[in-house]
Amino acid sequence: MSHLSDRPDDAVVGRALPHESAALHVTGDALYTDDLVVRTPGVLHAHPVSSPHPHARVTRIDTSPALAVAGVVRVLTADDVPGTNDAGVKHDEPLFPEIVMFVGHAVCWVLGETLEAARLGAAAVEVDYEPLPAVVALTEAIAAESFQGGQPVVTRGDVEEGLAGAAHVFSGTTEMAGQEHFYLETHASLALVDEGGQVFVQSSTQHPTETQEIVAHVLGRQSHEITVQCLRMGGGFGGKEMQPHGFAAVAALGATLTGRPVRLRLDRTHDMTMTGKRHGFHAQWRVGFDDDGRFTALEATLTSDGGWNLDLSEPVLARALCHVDNAYWIPHVRVHGRVAHTHKTSQTAFRGFGGPQGMLVIEDVLGRCAPLLGIDPVDLRRRNFYVDGQATPYGQPVRHPERVVAAWDQVLETGEVARRRREVAEFNAAHEHRKRALAVTPLKFGVSFNFTAFNQAGALVHVYKDGSVLINHGGTEMGQGLHTKMLQVAATSLGIPLGRVRLAPTRTDKVPNTSATAASSSADLNGGAVKDACEQILGRLREVDAGRGLAWDDLVREAYFGRVQLWAAGFYRTEGIHWDSTAMQGHPFKYFAYGVAAAEVEVDGFTGAYTTRRVDIVQDVGDSLSPLVDIGQVEGGFAQGVGWLTLEDLRWDETDGPGRGRLTTQSASTYKLPSLGELPGELHVALLEQAHEDGVVYGSKAVGEPPLMLAFCVREALREAAAAFGAEGTSVDLPSPATPEAVFWAVERARTAGPDHVVDGLPGVVPDPPDPSAPALHPTSERSAP
Amino acid sequence: MQRGESDVPEPHITVNGRPRALGATPAHTNVLDFLRGLGLTGAKEGCAEGECGACAVMVARPEMPGDGDGSRWTPVNACLVPAAALDGQEVVTAEGLGRPDALHPVQAELAQRGGSQCGYCTPGFVCSMAAEYYRPGREDFDLHAIGGNLCRCTGYRPIRDAAAALGAAPADDPFATRCASAAPASVPTRIDGFARPADLAEALALLAEHPEATVVAGSTDWGVEVNLRGRRASHVVAVDRLPELRQLSVGDAIEIGAALTLSEVEAGLGGSVPLLEQVWPLFASRLIRNGATIGGNLGTASPIGDLAPALLALEATLVLASAGGDREVALADYFTGYRETVRRPGELIRSVRIPTPLASHTTFRKISKRRLDDISSVAVGAALDVVDGTVVRARIGLGGVAATPIRALATEAALEGRVWSRATVEEAATVMATEGTPIDDQRASAAYRSAMLGNALRAWWEEAR
């Protein structure tokens, strides 16, 4: 067992504790960025002037009518930018664009004494546009070969040989929609100019360092002149990894030009129409199975809908390609990916980061092919699991594949799956208009940033003379309980009660050069750094103690008077990982997180409406650092995945009418999140036991993203329930999201044995081959400082 | 006496026990922004249209019709209500319920069970749950109380567990004892751009003077227009506390005052109209039903309002009041076009009348993407009188399939005089699927809407069998 993962007796980690801010949450005392506005005198409010066109050249901007509006102070345009007019790291994201690229794109920003003044000022700004042709639908982009960025290929073996040797070959296409983050707190920034012209930006950001860098380059300043603080976020889910930077930069620009604090908070409609979402994907696939239903080969082309610029689309695509295998061994693989360029918001990180989209492809393949193979889907999935000694298509050995089996067996047993499936069959035989189904799906998710450099973190730990401890680390808190875990790590490392440790908000002037709080890795990375800092201090204190066994407070006091340093900067980097993003080969992940879930649903044939009757989950989180937090992540991730797969329905106007390119689901009344009514009647969640993870802080594993992909069981159960309205062996092509309407039409097709869209035999649907002239992924495509 | 004279307080809201002057608050400023401007930033804006409940606060309201003279903590969406509309009223926020070192029982349960993750939606959940906690006569926690609160982090299980764990409020709990005395009376309010008249006569006079005025009750529709579409009114006239519009009587006809909230109508009818009993749980959320009025739902004349299809099936009529007197209009004749009606400028909906006896067989069917708290793709209200197995009278109202709510006249004809049987239902369902002129939009396709019309009858038959 490694030193890092070794857990002492009586550790504070492993205790089920409420969120460290729970008492502040429930009383409304927890402060979020926009709550600071009323506590800051003289604030100006920013409002965007938004494009009504999906693609157009801006030929004239007249801001003078806005300045005539009472309370309008200034209009920010491209001419005001002293540094670089770009909000991204790839120089494809102008902050004040000459060509607008999506409906809602901000042309300029109005600052007012009140939000009302800024809004009226924005309405008064005159902008002339010369409309340009727009690509809106993903399928339009594919047809027009409108792509951006690299086109990576993951290859192993020879797919032609694998398909030729298969007993069964099937092919088809799979489309899936994106997803709006709908963090309850919309994007918010508050910027002010500090002493000496330094700029202080409070931002709801998952990536304070990158926000700092973008603000600096827009202002033409050095990073040390800019400080970014994130108190906490009202949800992030990836939506605040890359997207906050431009808004922070506008606020900072306004503050430097006016000398007054500037607040920029998006209302929900602005947030939905201006900021990126989960990528929708389109996949063409061909798959071979042997007589036993074991994969022989998979050939697929995945195209993501990147929106108007690259943003994080390349690494999202890379992760999708690295997760198309999910938990299954596929001998011959060629999976190739492209990012479509469309005139929509710039799609971005969202919990799972392409992993869910890649996994959906293979789960869709299995769900559609199982009836055609005549194999029970539960058996089909089970018999394709990785076994020890096998590696992923990108060359990383799959360690601990037996954990998927253990979780699978536990779900089958504690969920009484065999008995309940018999009951489902009896129910279906007795009911003409309602059908049930019970499906089980596994998950394997790679943890670490694909891009190796991001797998580092820092922390700052202070021990004060009174023995109290203050910690800072590079990660941000968005509800995932990272700070709770870090407090537990510090208390465990130092061997002191939790009450002696406090955590200060994330700031770039405390811990520099941080990575985004993302990739589920933040507890691993920052936990390692916090522990390192604590151990440096402990090492010094041990020398002071010299075996006397002094009480903590006495020891600290003595150390101070002995002129011993009582604080330390900790650092951690993940060992043993490497990745070649050109060859798409390597060992990018520290480990895999595993899980299994089973869902039983009931579908009403008259409407397609459904209920989830019961869900059983077993998730591998290693030795949990904080079980209440981890179970919360498992349940919340699962619910968010169910939302993506069944309910949340982003619609864009793809017609040639005047609203072309407009997001038609741009508010909470048209875009529906899961509500209490979607909570399964019964929900059983267990954390896998005997799951110690060697080489990770206190034996734990990541938990942020993986549980989202547990939700595939609900989609597969809906598919099987729809199929139950048809004849035995009906293969159902189920759209994603599987809304009641989508399920209704699937039921209708099943009843009438309509086309299932799976092609049996070669050549079938032939995935677009890789373009040999296409660029590879940029070696640092996960992001790099400009 | 006018404001400013000695005994008349300036317009104010009592927030967490402390009077807070409205001062120069503009008429369009909502309660949420007013509270946040005071530094009470617990209530949050999540959607600004009453869908997420992050802004929920508790308001002391009169007890439900027939329940007594006390008051009742009523949670509402602060983002929808103009601050001026709460002049003289009492509001409690999450900050007022408890402090970090002295948590309210609802706060304690949520905190210790992992009911908050990011915490942004939490103060709203706290207020919705606390109001349910203090509901007079509560035995079990009604989960519909939090159906209008969205959480993006937890998946709701710990919140459901926290609700289930709540015991009874102690008798000496100050929020419980507050309920024993009357809620604050309605205060006539006149600020720039906002007026709350004292009675119907004054309201009608105001409307005669300002025919362009916007009439609001719960403001659950108007608040969305203000917040999301930037609409501003030169005059807002609040009618939700007019005593003449808050009567409820159940006799030869059922007469429901237009300014009663849907929650009040639900409680006041006490299950006496079974068709409406099916509507309530599917109509928006408790937070909305606590503000939205029956008159407002018909006044906005939305083609996708859920009450109109039900009331069309019940053959309801509207009593329209004006300075010239009252007139009664059948609901079927009321809608004239998209959000247009026969209501004249200067007229107010006084009440809704439902004739009795009620039909023997009734149903309400709502098709939506999300099961609860969603806007209908299609809504069907149906009322049949079946005598000796024969349909003698059929009335069916439809929403979401035309520019206005409509009656399914062809389907009614296909049912009347026929034996109530599977064959009749099948034939009528085929007719029903051709009713209206449904469109494709982001909620549903036209084909699905049509299919749902026919299937509404089929499903009803199957369930009733």
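This is a predicted model: local features need pLDDT of at least 70, side-chain atom pairs count only at pLDDT 80 or more; totals for chains, interfaces and linings use all residues.
The radius of gyration used here is taken over C-alpha atoms, and the globule rule is 2.2 Å times the number of residues to the power 0.38.

View 1. Residues are numbered from 1 along each chain as its sequence is written, while chains are lettered from A and ligands numbered from 1 in the order in which they are written. For 786 residues, a compact globule would have a radius of gyration near 28 Å, and the 27 Å of chain A agrees with that. The C-alpha trace of chain A spans about 75 × 75 × 50 Å along its principal axes. Chain A holds 19 helices and 28 strands (DSSP runs numbered from the N terminus: helices are H or I of at least four residues, strands E of at least two).

**View 2. Two helices of chain A side by side.** Helix 10 (residues 355-373) and helix 18 (residues 712-723) of chain A pack with their axes 11 Å apart, at an angle of about 25 degrees (axes are lines fitted to C-alpha atoms, for helices over the stretch in contact, and angles run from 0 to 180 degrees between N-to-C directions). Helix 10 of chain A is therefore roughly parallel to helix 18 of chain A, a label for angles under 35 degrees. From helix 10 of chain A, the contact uses A:Met359, A:Leu360, A:Glu363, A:Gly367 and A:Pro371; from helix 18 of chain A, it uses A:Phe712, A:Glu716, A:Arg719 and A:Ala723. Residues are in contact if their C-beta atoms, placed from the backbone, lie within 7 Å.

**View 3. Where chain B meets chain A.** The contact draws 66 residues from chain B and 59 residues from chain A. On the side of chain B that touches chain A, helices supplying at least two residues each include helix 1 (31-37), helix 4 (122-133) and helix 17 (446-464) of chain B. Helix 17 of chain B gives the most to this side, with six residues.

View 4. Over residues 27-133, chain A is 14% helix and 32% strand, with the end C-alpha atoms 51 Å apart. For chain B, UniProt lists "domain: FAD-binding PCMH-type" (unreviewed entry) at residues 186-359. That stretch of chain B, residues 186-359, is 30% helix and 26% strand, and its end C-alpha atoms are 38 Å apart.

How values were computed: UniProt positions are given in the numbering used here, feature names are shortened, and annotations may be inferred rather than shown by experiment. Angles under 35 degrees count as roughly parallel, over 145 as roughly antiparallel, 65 to 115 as roughly perpendicular and the rest as oblique. Two residues are in contact if their C-beta atoms, placed from the backbone, lie within 7 Å.
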